[in-house]
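Subject: Structure handover

Hi,

Here is the structure I promised to pass on. Please load it before reading the notes below.

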Amino acid sequence: MRGLALILALLAGPAAAESLPALYDVTGVAAGDVLNIRAEGKAEAAVVGTLPPDAKAVEVVEESGNWGLVNTGEGSGWVNLRFMARQPGPDWFALETPLRCLGTEPFWSLGIEPATGVAVYSTPEGGDRFTTVTARWPGTPYSASAAIALPEGFAVLTGGYCSDGMSDRAFGIRADLFLTGDPAARMAGCCTLAP
């Protein structure tokens, strides 16, 4: 019987790992204490920030062993995942979770609210422009990329390390935004799940 279970497991293919970035809550930290954010993923590394014991919706963008990379201020650091609990829900590429994408040169942002189908595109010159998500192409655990269509163009979202080029913050989603118009534009940036 055990042999049959092994054969069935092999035929089913490899199990998909949990995808990052994802939102976590701090857990197991005493009420009067904090969770240290360290410069490296080891207990003796310098403390570069802290999280309160009741912190919610902390975005982990990368894992290394028992450590998770999180943002703090304009930088990033590592927290011990023993004190973090992943929030339930779909992976980011299911396009069921709000995203905020940011780009530089030129500066722009795109807020995506899948539940309402609303997207807000912003630039310093043009302010906020509300639009709709006209189509969604979710990813899969084996292809962590996704796309959305807007009346003015589309955005392709790809999982993996992303830098905004302006800070030492780390992001786990790259955005390529293609806008129609005169002239047409292609812009690159990074996205976050953090509210």
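Predicted model: local features only at pLDDT ≥ 70, side-chain atom pairs only at ≥ 80, totals over all residues.

Disulfides

The count comes to two disulfides. Counted along the chain, the bonded cysteines follow the pattern 1-4, 2-3.

Cys101 is joined to Cys191, with an S to S distance of 2.1 Å. The link of Cys101 and Cys191 is right-handed, at 95° about the S-S bond. Cys101 sits in strand S9 (residues 99-103) and Cys191 in strand S17 (residues 185-192), so this pair ties together parts that are 90 residues apart in sequence. Cys101 and Cys191 are both buried.

The other bond runs from Cys162 to Cys190, S to S 2.0 Å. Here the link of Cys162 and Cys190 is left-handed, with -75° about the S-S bond. Cys162 belongs to strand S15 (residues 153-162) and Cys190 to strand S17. The two are 28 residues apart, and the pair links distant parts of the chain. Again, both Cys162 and Cys190 are buried.

Nonpolar cores

The largest nonpolar core has 25 residues. Which residues have the most contacts inside it? They are Cys101, Trp108, Leu110, Ile148, Leu157 and Leu177. Several strands supply at least two residues each, including S9, S10 (108-113), S11 (118-123) and S14 (145-150). S16 gives the most, with four residues.

Leu110 is worth a look in the viewer. Leaving out residues up to four places away in sequence, Leu110 touches Leu99, Arg100, Cys101, Ala119, Val120, Tyr121, Ile148, Leu150, Ala155 and Leu177.

Another core of 15 residues lies apart from the largest one. Among its residues are Leu20, Leu35, Val79 and Leu81.

A buried arginine

Arg38 is in strand S2 (residues 35-38). Arg38 is buried, yet has no salt bridge. How far away is the nearest side chain of opposite charge? That is Glu44, at 7.6 Å, while a salt bridge needs a side-chain nitrogen within 4 Å of a carboxyl oxygen. The side chain of Arg38 does reach the backbone oxygen of Ala43, at 3.2 Å. Not counting residues up to four places away in sequence, Arg38 touches Ala43, Ala45, Ala46, Val47, Val48, Trp67, Gly77 and Trp78.

Best wishes

Definitions and conventions. Residues numbered from 1 in each chain as written. Heavy atoms only, no water. Disulfide = S-S within 2.5 Å. Buried < 20%, exposed > 50% of the residue type's maximum accessible area, 1.4 Å probe, protein only. Core = buried A, V, L, I, M, F, W, Y, C linked by side-chain atoms within 4.5 Å. Contact = heavy atoms within 4.5 Å. Lys, Arg positive; Asp, Glu negative; His and termini not counted. Polar contact = N/O pair within 3.5 Å; in protein donor to acceptor, adjacent residues only side chain to side chain.
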